[in-house]
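We'll go stop by stop, with something to pick at each one.

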Protein chains: 2
Amino acid sequence: MAMPPTIGVFDSGFGGLTVLRALAARLPQAQFAFLGDTARLPYGSKSRRTIARYAAESAQFLVREQGAEFLVIACNTASALALDAIQDAVPVPVLGVIEPGAEAARAASRTGDVLVIATDATVQSHAYAAACQARGLHGIEKACPLLVPLVEEGWTNHPVTAEVIRIYLEELNAEAAAKGLNADTLVLGCTHYPLLRPLIEKAVPAGMRVIDSAEAAAEAAVRLVNGRANGPTGTPAFPPALRCFATDSVDKFERLGSAFLGRPTGKVELVDLGG
Amino acid sequence: MAMPPTIGVFDSGFGGLTVLRALAARLPQAQFAFLGDTARLPYGSKSRRTIARYAAESAQFLVREQGAEFLVIACNTASALALDAIQDAVPVPVLGVIEPGAEAARAASRTGDVLVIATDATVQSHAYAAACQARGLHGIEKACPLLVPLVEEGWTNHPVTAEVIRIYLEELNAEAAAKGLNADTLVLGCTHYPLLRPLIEKAVPAGMRVIDSAEAAAEAAVRLVNGRANGPTGTPAFPPALRCFATDSVDKFERLGSAFLGRPTGKVELVDLGG
């Protein structure tokens, strides 16, 4: 019997725990190491060069010190701006969240017109629009900067959040209609948004498919891991073995992280990656 | 006639432009240099040592390179955690926003029970509670983490924002009442909140005084400048001479800053303070 694979999951914060949750549900026999670079977030306001350096250092920690054999970049900003730099920095397969999200949209959409909601930084990178275009889709992106703070306030099932989602989607649908598009698919392009999925499902027009890029990335990672490991290996650890690391704000990580992960994060270990 | 004084104003972001606006209205003859350390925000998630280093470097830029003769720290987090370090780093008078806010609350409150709304980081520092206690007041602080994102989304006169303010103030008043307190004063302990003052004034109980720490800090700075300069000096520049600097995100600063400043920021100059 082969050893269970070790999978490293990286985010600038702890939103990427939604990706880890989706991964752990699909790979119960795997071991996971999650790193949130909380001391240096938000990546979104920093230059591409700085983000690439931070992300590469974080990836090297997961591979060299935690023995990760696969890396999932559960951070839209780092996936958009630094995937190449991370792939250059470590000798293991690296997967981001944007390509799988766009691929799932391609499989779901009949009209080829796709809506994407994300943070300001992800939208400004236009990474989803480019990934859609590469698949013959027309992607329209909208920044929804209030949604992350609403999730972090714990208002995931709150009337205010429902109203904010309604306003954002109304604006986005109006923009798509004004361009003569017939969108039938909505991509959740931020790792915080899966916690809002019930409210978002209620707010979208009837028949619109909602694609969660966290789920899509997890499915792509499972294919990658099973392909390399010749099928699922080892006996299931129950629950999957997990160590969480953060570069700062360990208390906030432990306090909020369980809602993202779907179970307690356990003790989050503080690591210092330097300035 | 003496030269008009040069006043340096510092914030981690651009919210401190509300303090600059209040200063410029009171000191039209002064020259101002504003620095937003936007590359390294938010300070709130960083350690005291790191904040002190960043704030000291920023203060030195304003004094050494821009000739500031007075410094106003228009940043609640830096005022709470690094005022001593800044005073040690530069040879000019330095004023924060917290002590003036608490002093204005002392002058306004009859019951001695004071409510304070601020960001999570400012509340966790308990700097306002301590400044209130030093004046014989009882200060109750509440973190309102959705208000800054709502201001930055431009929803300063929006029904969603009114509802969020109503919820926060209801929770805060209930907490005060449960402690047997009779609060009659509310301190706005964040430089973004003056943009919400009209909505906040509508939401507070009848008779409650609203204290803006940006206004209070500006009044304290005017007393300091006039005391040192033997009364207002020079002829009014109209509008006051102003240079704005930022360490990153110059576009966002220019786009959003005018709402805080009450007039266009002009060209924002990018500076590099390192790491």
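The tour below goes from domains to sheets, then to a helix and the chain contact.

Before you click: this is a predicted model, where local features need pLDDT of at least 70, side-chain atom pairs count only at pLDDT 80 or more, and totals for chains, interfaces and linings use all residues. Residues are numbered from 1 along each chain as its sequence is written, and chains are lettered from A and ligands numbered from 1 in the order in which they are written.

**Stop 1: the domains of chain A**

Colour 6-97 plus 216-270 of chain A as domain 1, and 98-213 as domain 2; these bounds come from an automatic or database domain assignment. Taken over C-alpha atoms, the centres of the two domains of chain A are 23 Å apart. Where they touch, domain 1 of chain A gives 21 residues and domain 2 of chain A gives 23 (contact: C-beta atoms, placed from the backbone, within 7 Å). On the domain 1 side, select helices H1 (17-26), H3 (76-89), H10 (213-229) and H11 (250-261) of chain A, which each give two or more residues. H3(A) has the largest share, with five residues. (Helices are DSSP runs of H or I with at least four residues, strands are E runs of at least two, and both are numbered from the N terminus.)

**Stop 2**

Now show the four strands of chain A in the order S6-S5-S7-S8: they make an open, parallel sheet. Strands S6 (138-143) and S8 (209-212) of chain A are at the edges with a single partner strand each, so one side of each has no neighbour in the sheet. From one strand to the next, the twist averages 25 degrees.

Zoom in on S5 (113-118) of chain A, which runs parallel to S6(A) and is joined to it by six bridges; strands count as paired if DSSP finds at least two bridges between them. Pick Ala118(A) and you'll find Ala143(A) of S6(A) opposite.

(Axes are lines fitted to C-alpha atoms, for helices over the stretch in contact, with angles from 0 to 180 degrees between N-to-C directions.)

**Stop 3**

Select S2 (31-36) and S9 (241-246) of chain A, a parallel pair with six bridges. Gly36(A) faces Ala246(A) of S9(A) here. S9(A) also pairs in parallel with S10 (268-270) of chain A, over three bridges, and Phe245(A) has Glu269(A) as its bridge partner in S10(A).

**Stop 2: H4 in chain B**

How many of the eleven residues of H4 (98-108) of chain B are buried? Eight are, so the helix is largely enclosed by the rest of the structure. (Buried takes 20 or more other C-beta atoms within 10 Å of the residue's own, with C-beta atoms placed from the backbone.) Among them are Ile98(B), Pro100(B) and Ala104(B). To see what covers them, show elements including H3 (76-89), S5 (113-118) and H10 (213-228) of chain B.

**Stop 3: between the chains**

Key: Buried ≥ 20, exposed ≤ 12 C-beta atoms within 10 Å, placed from the backbone. Contact = placed C-beta atoms within 7 Å.
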